[in-house]
Amino acid sequence: MILLALLLIAVPLALVYNVQPDGAFSIPGADELARLMPWRAPRVTAALVAGALLAVSGLILQRMTGNPAASLELLGVSAGAALGVTVSVLFIANAGYWAQMMAAGTGAGLVLALLLTLSASGRISGEKLLLTGIALGAFISAILTLLLASGDPRVMLIATWMAGSTYDVEPQTARYLRCAARSFS
């Protein structure tokens, strides 16, 4: 209940407050707020829905692996998604939003399939599965770090993507995410 109350306070603040160049907070007037809402509302919506979907996927992953410590980041699934986006950006000319999302899903799916195959075989315990996921995630992260260090301007998109930026979120993307979230409920 406390987290829900904090969320109900944080969302309006995220929509309304401005940060001035000197770091001070201010509340815009009605006219300025009307101009800002088409930009802010989709981004706040996308951040909320993405957080909710990550929570649901983490819960599903914990159930599937039987390990309460399992998470997308810890098992390397997030790193697999980042690698998928990186491959799409580097090898597909003008990889658009949907191509990147499909590549992210493919990368995450391949890592998850590998981990679930190991888990289902019964040859690996929950602790070893966790360690395998950590090692796989570290290996993929090392590859991504090398690519980021290469200086290729295309890879800078990956740095933004990995940071979880909502910079490029448009209203149609936020609507799509809301529909995706409804399908889980």
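Which residues in α3 meet which residues in α4? The legends below start with that pair. This is a predicted model, in which local features need pLDDT of at least 70, side-chain atom pairs count only at pLDDT 80 or more, and totals for chains, interfaces and linings use all residues. Residues are numbered from 1 along each chain as its sequence is written, and side-chain values use heavy atoms, with hydrogens and water left out.

**View 1. Helix α3 meets helix α4.** From α3 come Val-77, Gly-80, Ala-81, Gly-84, Val-85, Ser-88 and Val-89, and they meet Ala-99, Gln-100, Ala-103, Ala-104, Gly-107, Ala-108, Val-111 and Leu-112 in α4 (contact means heavy atoms within 4.5 Å). By class, this contact has 10 nonpolar, 5 polar and no charged residues; Ala, Val, Leu, Ile, Met, Phe, Trp, Tyr, Cys and Pro count as nonpolar, Asp, Glu, Lys and Arg as charged, and the others, Gly among them, as polar. The two axes come within 7 Å and cross at roughly 140 degrees, so α3 and α4 are oblique to each other. Axes are lines fitted to C-alpha atoms, for helices over the stretch in contact, with angles from 0 to 180 degrees between N-to-C directions. Angles under 35 degrees count as roughly parallel, over 145 as roughly antiparallel, 65 to 115 as roughly perpendicular and the rest as oblique.

**View 2. Helix α4 beside helix α5.** Here the axes of α4 (residues 97-120) and α5 (residues 126-149) come within 10 Å and cross at roughly 155 degrees, which means α4 is roughly antiparallel to α5. Look for Val-111, Leu-114, Leu-115, Leu-118 and Ser-119 in α4, which meet Leu-129, Thr-132, Gly-133, Leu-136 and Ile-140 in α5. These residues divide into 7 nonpolar, 3 polar and no charged.

**View 3. Helix α3 beside helix α6.** The axes of α3 (residues 77-91) and α6 (residues 156-163) come within 10 Å, crossing at roughly 155 degrees, so α3 is roughly antiparallel to α6. Ala-81, Ala-82, Val-85, Thr-86 and Val-89 of α3 make the contact with Leu-157, Ile-158, Trp-161 and Met-162 of α6. Its residues divide into 8 nonpolar, 1 polar and no charged.

**View 4. The largest pocket.** Its volume is about 1,900 Å³. Of the 48 residues that line the largest pocket, Ala-50, Leu-54, Met-101, Ala-104 and Trp-161 are the closest to its centre. Helix α2 gives the most to the lining, with 11 residues. By class, the lining has 31 nonpolar, 14 polar and 3 charged residues.

Conventions. Helices (H or I, at least four residues) and strands (E, at least two) are DSSP runs, numbered from the N terminus. On a 1 Å grid over the protein atoms alone, a cavity is a set of points where a 1.4 Å probe fits but cannot get out, and a pocket is an open set with protein on both sides within 12 Å along at least five of seven lines; lining residues have an atom within 4 Å of a point. Grid points are joined across faces, edges and corners, and a volume is the space filled by probe spheres set on the points.
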